[in-house]
Amino acid sequence: MNAPQLKSPLSAPLLGWFAVTALAIVWIIPLGVAWKLAPDLGHSWVVPVLMAYLWWERWGERPQLLAGPRPNLLWWLLAVLLVLGHLPLRLLLTPYPLIPSLLAAYAALLAATVTIASYLVAGRAGVRWVAPPLLLTASMLPIPALIEQSILLPTRTFMASLVAEINNLIGQPALAMGTTVRLSNAWLGIDEACGGIRSLQACIMIGLFFGEWFRFGLARRFWLVCMGVAAALAGNLARVLYLSLQAGYGADTLSSVHDPAGWLAMLASLALTGWLACRWNAYRLPEQRAMVRSRNSGASPAWSWVALVALVFLLNEAGTRFWYHHGRTNLPDVPQWSVRFPEKNQTFHPVALEDFAREMLHPGFFAAGRWRAGPGLNVSAYYIEWRQGQAVRFVPFTHNPTVCLPMAGCTLMETYEPIIVHWQHGEIPFSFYKFDRFGEELLVAFTIWDTTKGQLLQSPMNITSRRLRIKSLWIDVREARQYQPAQLLSVTIPMQINGAKIMEQLITDMIQPTRD
C-alpha cells in the first residue's frame with residue numbers, strides 16, 4: 001500500500017472553501033435564534049469570532065492536506081447518518097429554538113461533522129488543529145434546567161440573603177425575598193427574579209478561550225473555567241450589594257446606576273478571569289508550533305465528501321425554511337380578544353416594563369397597571385401579546401406568576417379550580433391560586449391563550465411522558481407552526497371572601513373583543 005501523499009495547504013480547493021462557508025452558515029442560523037431569545041446567551045455572537053481568531057492565529061500551524069484514497073463505504077455511511085440526524089434536529093429547532101437538549105445535540109452533530117471532515121482531508125493533524133477551538137461551543141448553549149434549578153437558583157437565593165444581612169449590619173433595613181432584596185425604599189431584582197446570572201456563561205466562554213489560546217492542560221482548563229464561574233458569581237454579588245447601597249439615595253439614583261453596574265460587574269468578572277489565565281501563563285503570548293510542509297501538490301479526494309455533506313446540510317436548511325413558510329399561509333381565522341384597563345379610574349397608575357424584563361419576555365405588546373376597584377380591593381394586572389416569533393414557546397411557561405412569584409419570595413398556599421370567564425365568543429379558563437407574601441395573602445389568576453386556535457396554549461415541555469412530549473413537538477413540525485402567537489393576562493388582588501366571583505367580574509370587565 002502506498003503511503004498517502006501530502007499537499008501544501010497554500011492552494012486549498014474551491015470545494016473546501018464552499019464546504020467551510022456552508023457549514024458556518026448552517027451552524028450560525030439556528031443557534032442565532034437561541035442567542036437572540038435568551039438574555040443569558042447575548043454574548044454568544046462573540047464565540048464564532050473567538051473560534052475564527054484561534055484558527056487564524058494558528059494559521060502557520062495548519063496541517064498538510066492528505067491526497068490519499070477516496071473515502072470508503074464506511075465513511076459514506078457515516079455521512080448518511082450525519083445528514084439523517086441533521087434534518088429532524090433542524091426541523092425541531094425552528095419552532096423550539098431554546099430546548100437545551102436539542103441545541104446541544106445539534107451543536108454536537110455539527111462539531112462532529114467538522115471534526116470528521118478535518119480527519120478526512122488532513123488526518124490526525126487536521127483534528128488537532130480544527131477540533132480544540134470547537135470546545136468554545138459549550139459556552140453558547142443554554143444551561144440545562146437541572147443545573148439552573150438545583151445549583152444556580154439556590155446560589156442566587158443565598159446571594160440575596162447575604163446582601164440583606166450586610167445591609168442590616170450597616171443599619172439599612174433589608175429583607176431577602178427569594179432571589180430579590182426588599183429595602184425600605186426599593187425592591188432590588190424584582191424584574192430579574194426569574195432571570196439568570198448574565199455574566200456566567202460569558203465568563204465560561206472567556207475561560208475556555210484562554211485555556212485553548214494558552215494551550216493549558218485539561219486540569220488547568222477545568223480550574224480556569226471554575227474560576228470564571230466564581231468571578232461571575234462574585235461580580236453579581238458585588239453588583240446587587242452596590243445597588244442596595246445606592247438605593248438609599250433615591251429611586252432616580254438607583255435607576256441611573258442599575259445598567260452601568262451590571263456592565264461593570266460583567267467586565268470586571270471577564271477581566272479577572274482573563275488576568276488569572278495570563279498570570280498562569282507567566283504573562284507570555286502563546287508560542288507557535290511550526291510544521292514542515294510538503295512540496296507535493298496533489299488534490300485530496302476527501303473534499304468531495306466534505307462538500308457533499310455541506311451541500312446536503314444547506315439543502316436541509318432551505319427545505320426547512322420552505323416548509324415553515326408554507327405553514328404561515330395556512331393560519332386559521334378565529335375570534336380575537338384584547339384587554340382594556342380602567343384608565344378612567346382616578347386611582348389607575350400605569351406600570352412600565354423595565355428593560356431587563358423586556359429582554360426576557362420579548363413582548364409584541366405590553367400593558368400593566370394598578371388601581372383600586374373598591375374598599376380594600378387593590379388590583380394589579382399585566383397583559384402581554386406575542387404576535388410573531390418563537391419566544392412564546394418558552395417565555396409564558398418560565399415567566400408567569402407560578403414561577404416568578406416564588407422566586408420573588410412568595411409562597412404558593414393553595415391551587416383552586418380554574419375561573420371560567422365568559423366572553424362574546426366562548427369561554428376563557430383562568431388558573432387561580434392563593435399566594436402568601438410575608439403574611440399578606442394574595443389571589444392570582446392568569447391565562448396563556450393560543451390566539452391561532454382560540455384555546456389555552458399548552459407547552460410540550462410540561463408533558464411528563466417523554467414519548468408524548470416528543471409526539472407533541474412533532475405535531476407543530478407537521479403543521480409547519482414556526483411562529484406561535486399568544487397572549488397572557490394576569491390579575492392579582494388581596495384575599496377576599498368571594499375572591500373567585502370578584503376576580504371573574506374584574507377579568508370580564510377587562511376583556512374586549514377585537515375581531516369577529
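Here are some numbered notes on this structure, which is a predicted model.

1. **The whole chain.** Let's start with the big picture. The chain is built with 14 helices and 15 strands. It runs to 516 residues, and 48% of them count as buried. The chain exposes about 26,100 Å², and carbon and sulfur atoms supply 63% of that area.

2. **Who touches whom.** Take the contacts between residues at least 6 apart in sequence: 73% of these join residues at least 24 apart.

3. **Helix 14.** Find residues 499-510, which make up helix 14. This helix has 12 residues, and the distance from its first C-alpha to its last is 17 Å, close to the 16 Å expected at 1.5 Å a residue.

4. **The buried residues of helix 14.** Which residues of helix 14 are buried? They are Gly-499, Met-503, Leu-506, Ile-507 and Met-510. These residues cover an arc of only 95° around the axis, so they sit on the same side of helix 14.

5. **Ala-500.** Ala-500 also lies in helix 14. Is Ala-500 buried or partly exposed? Its relative accessible area is 36%, so Ala-500 is partly exposed. Leaving out residues up to four places away in sequence, Ala-500 touches Ile-419 and Phe-432. Phe-432 is 68 residues from Ala-500 in sequence, yet the two are 8.2 Å apart in space, C-alpha to C-alpha.

6. **Thr-451.** Now move to a loop. Thr-451 lies between strand 12 (440-450) and strand 13 (455-456). Why does Thr-451 count as buried? Its relative accessible area is 14%, and the cut-off for buried is under 20%. What does Thr-451 touch, not counting residues up to four places away in sequence? Its contacts are Val-334 and Gln-336, along with Pro-485, Ala-486 and Gln-487.

7. **A nonpolar patch.** Finally, have a look at the surface. Leu-169, Ile-170 and Leu-245 form a nonpolar patch there, and together they have about 330 Å² of accessible area. Leu-169 belongs to helix 5, which covers residues 145-169. With a relative accessible area of 73%, Leu-169 is exposed, because the cut-off for that label is over 50%.

Technical notes: Residues numbered from 1 in each chain as written. Predicted model: local features only at pLDDT ≥ 70, side-chain atom pairs only at ≥ 80, totals over all residues. Heavy atoms only, no water. Helix = DSSP H or I, 4+ residues; strand = E, 2+ residues; numbered from the N terminus. Expected span 1.5 Å × (residues − 1). Buried < 20%, exposed > 50% of the residue type's maximum accessible area, 1.4 Å probe, protein only. Arc of directions from axis to C-beta. Patch = residues over 30% accessible without salt bridge, like charges linked within 9 Å, V, L, I, M, F, W, Y side chains within 5 Å. Areas by Shrake-Rupley, 256 points an atom, 1.4 Å probe, with all protein chains shown as cover. Salt bridge = Lys/Arg side-chain N within 4 Å of Asp/Glu carboxyl O. Contact = heavy atoms within 4.5 Å.
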